[in-house]
Structure formats: structure tokens, C-alpha cells
Amino acid sequence: MNKIMYLEFERCIGCRSCQAACRECGGHDAKERNYVEYVDFMESRQTFPMLCMQCKDPACARVCPANAIQITPEGVVLSAMEEKCIGCRNCTFGCPFGIPKFDFEENKMYKCDMCYDRTQHGISPMCASVCPSDAIRFIDFDEMQALRRRRTQMNLIEGKKPSEQDKWQYVPEFFGVYSD
Amino acid sequence: MTQFLAKEGVKNLHREGEKLITTHCCYCGMQCGMHIRLNEKTGKVVGVEPRYDWPVTLGKMCPKGVTAYQTVDHDERITTPLIKKNGQFVRASWNEALDLIEKNFKELQAKHGKDALSVYGGVSMTNEKCYLVGKYARVALGTRFVDYNGRFCMSSAAGGFMKTLGTDRGSTLPWTELEHTDCFFISGWNAAECHPTSIQWLWKARDKGAKMIVVDPRETQIARLADVHLDIKSGSDSALANCMLHILVRDGYVDEEYVNERCNNFEEMKEMVKLFTPEYTSKITGVTVEKLEKAARIYGQSPRSVVMFCRGIEQQSKGVDNVCIYTSMALLRGQIGKFASGVATVTGQGNGQGGREHGQKADALPGYRKIADPEHVKYVAGVWGIKPEEMPKAGVSAYEMFDEIQQGNIRAMHVMCSNPAVSAPNTEYVWDSFRKLDFLVVSDFFMSETAEFADVILPATTWAEDEGTTTNLEGRVIRIRKVKDPIGESKTDWQIMKAIAERMGRGNFFPYENVPQIYEEFRIATKGGKADYYGITYDRIDKEDGVFWPCPSEDHPGTPTMFKEKFDTPNGKANLAVVDWQAPAEIPTANYPHTLTTGRVVFHYLSGTQTRRVKFLMEQCPLPYAELHPELASQYNLANGDKVKLTTPRSSMVVDVRLTKAIRNDHVFVPYHWGKELSINQLTNPALDPTSRMPEFKVCAVKIEKV
């Protein structure tokens, strides 16, 4: 699986399809493991999806005293193994993105596992599959590199970069390549 | 153990013990492709899989689409006929229910004439059922009173397109071409919330450098990224569109050759739009001169552009005028009939396109034929096997049917696949009308607000329990497949209509045993009409990923791009709009100083009968709210989460306040998906467009009070 999850926040339209679809994944028991937030609803309708970053050296796994959080050979960080998890919730405090959640009824931790049942066979995770605006994409590593390179090139061609004062003026012209 | 379904290199997850059934979503006009997961052992629908190979949506789905399957085996489904006894619904057998319907229908017709009965249809049904609604009303019941909820949704677009282009097909181009468009001029379309899966095409085009102009009183998700956001005052669209025409003419952006060859009224139009200088228009619309100029310049300079609009401009008492002028923008630039260019309105209901073409309208017959035309009546009567003089005359539009009830002309109604107790304007009047009826039959699969008024409720099926065709917003005819057998004793709408027809002694006109038989008759009924489906067969739909109408013969390829050579008017030329601006029917006054506008949220569909029963969707948006600009809120000392009482000349309601700068500071926005005391349509204005008879949902005057 040489594919990565690629997020482009400006594309997000706040529809929360990704959340609805996450609940549909096998074994998710109708609980979503990703989130969509408003940046500041008072100011704008800009929203952004929040997914597990599948960190190379995940804080959640590092702080787990029971070694319950496994990482697959492809680099997918899984939910805590039920037989090992002791319910200390260190992982929920340790993650800087607030991704792992603790289910008090079932007494277990759950988090995005990048739809491992799908992605291990090269099929998009549910969130990326349904995302109507392509804010969440499941793409080849090379494609991601190309997208990032294109953004840099556009900035080079224009010979300028946005500042705090005029950043919104750049969004339409540089749409799709401005952020990653 | 999982396996994969591979079609043309696209893999889908396929779980053991489950069947994947290929179909489309039941909600909006995008009709997203999807696979429904059916547990083979229990026969229950258990989930959904994206359909990556459907060319229009490529596996994308909105939250409603993802959760649509949850309504199929829902606990609250109505599974047997219900009869109201002493104010309570009591379970009954089909025979009891049909006996009662037969008795009442016959008695009322004997006493008050054939037109005492009426039928109120809907366009979330398949083409086959929509076609049958018109035949059922006119042949089985013999009444002229038939209309449908599309009157609140699509009729202004239809009226406008008929006037300008001669035929009403919502989109003149296939949406798969949109990524090659250079400029989108979008008016009154909250694309991100109403048709989320269309966004991928807009964003793809944006990646290639396409420009986007958005006209909306709210800074919607797409307006926030537009090159120009024209923050218009609701109800002033015709002024703004005329101003665009003015600038296109003034600055030489008109495609003279195209206009001379293919359009009427150019000189008259030029004369009319002279008045609409940016300065004059700015005063009416509240949009700055600079923005108007910039928008017209971008649009005028784009080689391939699409003008898109939706309910924002159509649900007004001048909706048809608005559609005509916006369509004229595309004509002036010579865009209609070209690759990746044109004009499009976006259907809100699943079969908003097909459902309006096949005789559910008060004045229409299948294939977009007219009751007013004796030749048309003769043809359709021939297909139906009745005499032309038996064909009832044209009836009245949906909202006007309630006037007929109030006057005692309509005594009974059969409501199918619709919930006017929530979706009609001025709903208190509608509720009162339902109470006045002698007899009300409602076919539905959930207890809707309308069904609560019924004397008899007939259990209908969801989209997953029947088959047929629908027409998506592009004009592409597609197939809905049966996923499972109907739950309980529920029957599909066509079986219900057939059963009542039999009771009314007209069963020989409804000899259908299955849906393909209806479809065969339907194809013949549309043959030769403007919306000609004759060449479209189920096999072709499967093989060709849907077929675009008009398609007059089986060897015809279908028509993805409309009006390539000529328009559907008598002289083959399009009619440019020569229309002045007129104010909305109700403008703010000292007593009602602000403007109320309504719309959708992404989590709910129409009157919410289905989506309010889906847990995920209700968690995201359980109640309506009033969106206010902080400046407006400060006048009334309102903070986020406060309760506010909104009052219009018709009624009032209390909702929570949600503050955002992403709305004009003189507007209030409230979504409309809830019933009873939460229904904003208690407040909306039933002023009707003179041509389309569509109510003015989108603008009325409102008073704000802190509670």
C-alpha cells in the first residue's frame, strides 16, 4: 500500500459525509472516528476534516503503557487491542489531534484505522471514497508529491506568497494547490 | 473473508454472505450511483458501498446518501393500511381500506361530480409511477385536479426554459463535461448543501483555473471561494441579471454571430437592459458597482461558461422571469449547444426532471404534451384507450388546489409521495384545508405530517423495494433496481393506483403485472413528444450508463448536449428575455423590517420525513435555527443560542439564533425541513408566479423579537 491520505482543507464543504461513511466501516459500530469542525462559524463557513494522521511515531502508541496500540506493516495505527487495553486513556490525552476516543460503555478505545479492511487491498477508505469535494483523497505517494510540487511552482511563477493580510485573495487563484 | 467485485478495473469491497445491488440514491437530482448491501440470510439491507464506476458521481456520496439505506428496514415504517377511527389510526386489511376508499370516492363523485376528487403527486417516484399518477387521476378517477410537489421545486425553471429555449431539460450539457468549463456563473444555488456531489466537478474545474461567480445573500460554502460573491438582496435577481446583460452588450462581449443566427428579440432586449446600469442595479440589489462590473467581465471573457441556478431565483413570484434573463446571459455569449458550456438548473428532488415531463402537472400529458392541444390529447387518449373527449380539462396548480378545497370544489384528495403539510407555503392554511376535506388518502411509508390528517393511510414502499427509471438533473435516464421485497403488507405506488382503479371500475386501463409493462406503455406515450423516451430501453440504460432524452428511436444515441443546431421554438431560434425588474410580492416595511429567506441544510431532504428518522442526520441538525448577521442581532440584543420570535403577516414561530457574518446583515435564514410548530413555511408567502404558479418561498418580510 503505497498510498497516503491527502487533505485539502479549502475544498471541504462541511457536509460530514466522511463522518457518516466512517460509521459504515466494518467494526465501527456506528461510531465515527473522524471529525469535521468549523474554523470559526461566526466569521465564515470554512470547515475542515480532522483525521488520524497515522503518525510514523504515534504519540498514542508511545504513551500506551500496555502496548495495546499496534502499527501494521503498512504504517496504519490501529485501535487499541481489546485484550491488552487497560482503559487508562493515556492515548486520548497523548494525541495532539484528539483522534482516539474512549467508549465507556464498551470500555475500549477506538480510533481511525484507515479502513484497514479496505486499504490493505488498495480500496479507498470510506471517508475518502465518498468525500464529495475531494477534500479527503487516498492517492499515490507520487501523486501527492506532484501536488505539493505544483503548489510550490505556482508560488514561484507568481513570485509571491500570501501574507496574513491578503491570504484570502490567493485562495481562488491558487485553489487546490495552495494548501496541503 | 472478503472478496472483490471488479467492473472495468474498479474494485469494491464485497463481504461474504452479502449481495451488492447496483442502484442510485433516493434523494436529490444528482442520483448518485451506489451499491446497496443486502444480507442474503436475513434479507435485510445492511449498508452501502460507493459505486466508483458511475461516471457522474464516481463513488461520491453526501451524508444523506450514505445513510439512505437506513430508512428501508426502519422501525417506524408503516407496514399495514391504517384507518382513522375516533381520531386514532387503527390497523386494517387492504380490503377494508380499499372498500372505504371506493365507498367515499364513489359517493363524493356521485354527489359533487368527478372533479370532487383530486390527486397530489410527487417527484421522488420513478418515471413509471409519475406517469401513472397522471393516468390514474384522469382515467381511473376522471378528475381534472391533479398536480404535484414539483410545483414548489421545478416549475419556474421549466416555465423559463420553455419560454426561452422551447424545451425544458434542466441541464443543456452532461455534467461530466463541467471540469472543462472556464467559468461558472452560479445564482441562488447552495451547491455544497443541496447537491454536494456536484462539487467535485466545480473543484476539478477550479484546479484547472476556472473562475466562479456566486450570487447569494449568504456566503455559502462555494461563495466563500468564489472570484466574485455578489451578495444580493433576495428577490432582486432579475435586476442583477439584466445588469449582466447590460454590461455584456455595453462592453462588446456578445457573440454577435450566434445571436443573429439563433436568437430572437436582440434589439428589444438591448433596449430593455439599457436602464440597468451598474449604478442603478447596485441600488436595487445592494451589490457594489465594482463587483457587478467584475462579475460581468469575468463571465464575458470566458470562452466556455455555464450559468447555473436553483431554487434561490426560482422560488419567487417572478421566478420564470429570473430564469429567462439568466438563460439569456448564456445565449448572448453563444454558450448553449457547445461543449462544456450552457445553462443548468439543478433539480432538488430525485426525479424532479422526469417527474415533471410525464403528465403529473395540472396542464400536461406524457412527453411534455399539453392538455390545451387537441392533437396531444388525441395521441395520449389513443395510447390510454379512452376517447379524446373523456380526457379531463386542465386543473389547477398544487397550492391552488388548497383554494379549491376551501371553496368546497375539491372534496377528497389522494396524496402520494409528498408532504405538503410541511412543504407548502403558508402551511396553516394548508392544514386548515386538510381539515376541511371530506376524505383524505395518503400513501406513504412513514407517518408524515400530512398523513396525520388522513382518513386512510396506505403503506407504500421505499425506493429500494421497487424498480423503474428516473431522470437525473442532467436529463440522463437511469435505472433504480429492486433491492428487496416490500416490508410487511406495503405495496408500491403503482400497485396502489392499480388497486384503486380496479375499485373504481377502471381496472381494464391498468392491466400491469410488473414495472417493465408500465415502462413499455410509457415509452409509447412519450413518443413524438418534446421529452421523447421512446428509444430508451432498460438494456440500453445498463449498457450505456444511462441515456439522455430526447431519444426518439432505439438506434438514436440520445442527446447529452441540447440545442446543438436549433432550439425547440417555432422558428428554431431562442427567445432572449425582454423583462423588466419587479419587486418581490412582499417587501420590508416598518412593521416587518427585514427579509426572511429559507433553504436546505445538507443533512435533511425536503420535508424531512425520511432524514429526520436517521440517527446520524438528526444528531448533526436536530432543529431549525435562524441565521443572523451579528450586526442585525445586536439591534435586538441577541447572542448565539438565544431564542428569537420571527413574525410575518401570516404567522410566527420561535427558533434558536445562530450568528454568522456569512449572511447579509438585513436577512434572516431558516431551513425548512421540520413540521408543525417548527415549520418555517407557516411564515412564507404563497404569492404565485403568474406563469409557473410557484410560490415565493425565498423572500418575505419579517419581524424579529427576542424571546
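Two residues are in contact here when they have heavy atoms within 4.5 Å of each other. Keep that in mind as you look through these views of a predicted model.

**View 1. Where chain A meets chain B.** Using that cut-off, the contact draws 39 residues from chain A and 50 residues from chain B. On the chain A side, look for A:Ile13, A:Glu24 and A:Arg45: these lose the most area to chain B, and together they make up 20% of what that side buries. How much area is buried between chain A and chain B? It's about 3700 Å², with carbon and sulfur atoms giving 52% of that.

**View 2. The build of chain B.** The C-alpha trace spans about 70 × 65 × 65 Å along its principal axes.

**View 3. Inside chain B.** Of the 707 residues in chain B, 67% are buried. Now pick out contacts between residues at least 6 apart in sequence: 73% of these in chain B join residues at least 24 apart.

View 4. As for charges, chain B carries 87 positive and 88 negative ones. How far apart are the mean positions of the two sets?

Technical notes
Residues numbered from 1 in each chain as written. Chains lettered and ligands numbered in written order. Predicted model: local features only at pLDDT ≥ 70, side-chain atom pairs only at ≥ 80, totals over all residues. Heavy atoms only, no water. Buried < 20%, exposed > 50% of the residue type's maximum accessible area, 1.4 Å probe, protein only. Lys, Arg positive; Asp, Glu negative; His and termini not counted. Charge placed at Lys NZ, Arg CZ, Asp CG, Glu CD. Buried area = accessible area lost by both parts, 1.4 Å probe.
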